[in-house]
Amino acid sequence: MKRPHILYRLRHFRGHGIHSPFVYGLKRQVFMGKCRGIENNQQYKTLIANGVSRKVAKELQKLHSYCNFRGMEIVNSENCPANVSESVLYVATKKSQAAAMRLLNGRKKVAVAVVKDRGRNAGSDYVTISRRSYTLYVKDNGLQPQVFKL
C-alpha cells in the first residue's frame, strides 16, 4: 500500500477530535445536517432583511431548533436588550459586535451569534465556535470554555 495516510484521513474525517458532546452534536445536526422548509419561517425572513446571507440564516435557524431556543432576537447598536433571556438566540452583525459582547458579560447562560466575524476570542469563559461567515459565542457554566474552528 503506497498511501496509508489517505485511508487514515478517510476514517477520521468527521468530528473526531471534538471532545465536547455539545459541539459534536452542533456539528452533526446543525452544520452538516439537512433541513427543508426554513425559507417560509418569519425569523428566516427577518435575518435576510437584516443583511444575513441565506446560508448563514439557514444555519442559524437549524441552531435555533437544535438548542430549543424560544426566540431569536436581532441585536443592533440601537436596540441592545436590557433583559437578557437564556432561551433566546441573539444575532448581531459585525457593526453591532460591541453591543453583542455586552450581552455576554455578567450572565450565567447566553448564546450570541456574530455574523461576518472571523472569530476573535471573546474571553476565557465562553465556548467560541468559529465558522467562516459567523462566530457563535455560548456562555454556560456546564460547558468547558474552548475555542473551536469548524
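Start by selecting Arg131 and Glu59: their side chains meet in a salt bridge, 2.9 Å from N to O. A salt bridge here is a side-chain nitrogen of Lys or Arg within 4 Å of a carboxyl oxygen of Asp or Glu. The pair links distant parts of the chain, 72 residues apart. Arg131 sits in the loop between β4 (127-130) and β5, and Glu59 in helix α4 (residues 54-66). Helices (H or I, at least four residues) and strands (E, at least two) are DSSP runs, numbered from the N terminus. The structure holds one salt bridge. Buried means under 20% relative accessible area, exposed over 50%, and partly exposed in between (1.4 Å probe, protein chains only).

This is a predicted model, where local features need pLDDT of at least 70, side-chain atom pairs count only at pLDDT 80 or more, and totals for chains, interfaces and linings use all residues. Residues are numbered from 1 along each chain as its sequence is written, and side-chain values use heavy atoms, with hydrogens and water left out.

**Second largest pocket**

A pocket is an open set of points on a 1 Å grid over the protein atoms alone, where a 1.4 Å probe fits, with protein on both sides within 12 Å along at least five of seven lines; lining residues have an atom within 4 Å of a point. Its volume is about 150 Å³. A volume is the space filled by probe spheres set on the points, which are joined across faces, edges and corners.

**Largest pocket**

Next, select Cys67, Phe69, Glu86, Lys109 and Asp140. Of the 14 residues lining the largest pocket, these lie nearest its centre. The volume is about 280 Å³. Which element gives the largest share of the lining? That is β5, with three residues.

**Helix α5**

Now select residues 97-104, helix α5. Six of its eight residues are buried, so α5 is largely enclosed by the rest of the structure. The buried ones are Gln97, Ala99, Ala100, Met101, Leu103 and Leu104. They pack against β1 (71-75), β2 (88-93), β3 and β5, with contact meaning heavy atoms within 4.5 Å.

**Helix α2**

Finish at residues 21-31, helix α2. Val23, Gly25, Leu26, Lys27, Val30 and Phe31 are its buried residues. Their cover includes α4, β4, β5 and β6 (147-149).
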